[in-house]
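Hi there,

Here is the structure I promised to pass on. Have a look at it first, and then read on for what I found.

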Amino acid sequence: MDNLNFFEAEMKSELLIADEVKSRPMIAVETAILADFQFLCYWRPRSSFEKSNKRMAENDSHSKFLAIAVEAAEKAGELIRKGFYQTKHVEHKGQVDLVTETDKACEDLIFNHLKQYFPSHQFIGEETTAACGVTELTDEPTWIVDPLDGTTNFVHGFPFVCVSIGLTIGKIPTIGVVYNPIMDELFTGIHGKGAFLNGNPIKVSSQTVLMKSLLATEAGTKRDKSTMDATTNRINSLLFKVRSLRMSGSCALNLCGIACGRLDLFYETGFGGPWDVAGGAVIVKEAGGVLFDPSGKEFDITAQRVAASNPLLKDAFIEALLQSE
């Protein structure tokens, strides 16, 4: 068919369609057009619907996990706030590692609250582990709780204390809640959904220069000479490369300090266990920060070693840490 004949055929076809449209009521025409438009806009392959539904269900469950964890943290926070201004009954877990009746009461309260809603989940707590031995982290949904991070601060009336609650799924930190009831600061994070302080979005600092950075670390609870020499030698080395150093007494709150930009760098080794980092790890990552082993290797939630910073400082920080060993 030559071009002229093809054009004539197309014109006849369009005239036939126009005649058909004219013969149909206008409402029917508009309805048909709208139906076709909606189909084109909303049609998806079955696999896309299934993936979308799965994501929606996952988002709903994660939001529920966070809401229940926040409830537990706030209830425990009330106990901490009340006990903070009273005489404490202190026990020793080590030479300088302390535990109070508030630690134990908070862990019981948190676990009982969580188990009401998630009885099939696994649970790891600082005080439970101290009493019963190490609990293995599995792929099952696992709540990891430090009922009172900063117990020494609590005993001395220094207001840098918190409840830390983390949920791992497949060993991946997924939900994080860190609540300081004395300063009334609630840090939260959901994997893939951002990090917040009292409901407001937070981000790590944008600092790029190590010498202008604020570093936090902790001296730990071991007081043998070799450990103390290694700790102080590393600090001495790092002090030549950063603006200043802070030791606040709470690993979880130090991680949150990275997340909201108050701190630029943080590292700690030899802390108690995964309960110190499970909640803060989610919050740091969701605030745009990076977590890693002080050696530069991948972060391992069970390794009792952690470093954190914004992405811009990571390489320089690792180099400084390696040189300080």
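Helix α7 spans residues 225-239 and holds both D229 and K225, which sit four residues apart, about one turn of the helix. (Helices here are DSSP runs of H or I with at least four residues, strands are runs of E with at least two, and both are numbered from the N terminus.) D229 and K225 form a salt bridge, with 2.7 Å between the closest N and O atoms; the term stands for a side-chain nitrogen of Lys or Arg within 4 Å of a carboxyl oxygen of Asp or Glu. K225 is exposed at 63% relative accessible area, while D229 is partly exposed at 32%. For these classes, buried means under 20% relative accessible area, exposed over 50%, and partly exposed in between, using a 1.4 Å probe and protein chains only.

Before I go further, a word on the source: this is a predicted model, in which local features need pLDDT of at least 70 and side-chain atom pairs count only at pLDDT 80 or more, whereas totals for chains, interfaces and linings use all residues. Residues are numbered from 1 along each chain as its sequence is written, and side-chain values use heavy atoms, with hydrogens and water left out.

R234 is buried, at 11% relative accessible area, but E325 is exposed, at 64%.

Which residue forms a salt bridge with E185? The partner is R262, and the closest N and O atoms are 2.7 Å apart. E185 belongs to strand β7 (residues 185-190) and R262 to the loop between α8 (251-259) and β12 (265-269), so the contact joins parts 77 residues apart in sequence. E185 is buried, with 14% relative accessibility, and R262 is partly exposed, with 43%. In total, the structure has five salt bridges.

Now for the chain as a whole. The protein chain has 10 helices and 14 strands, and 44% of its 325 residues are buried. Of its contacts (heavy atoms within 4.5 Å) with a separation of 6 or more, 65% are between residues 24 or more positions apart. The chain exposes about 17,500 Å², with carbon and sulfur atoms supplying 55% of that area; accessible areas come from the Shrake-Rupley method with a 1.4 Å probe, and for residues only the protein chains shown count as cover.

Best wishes
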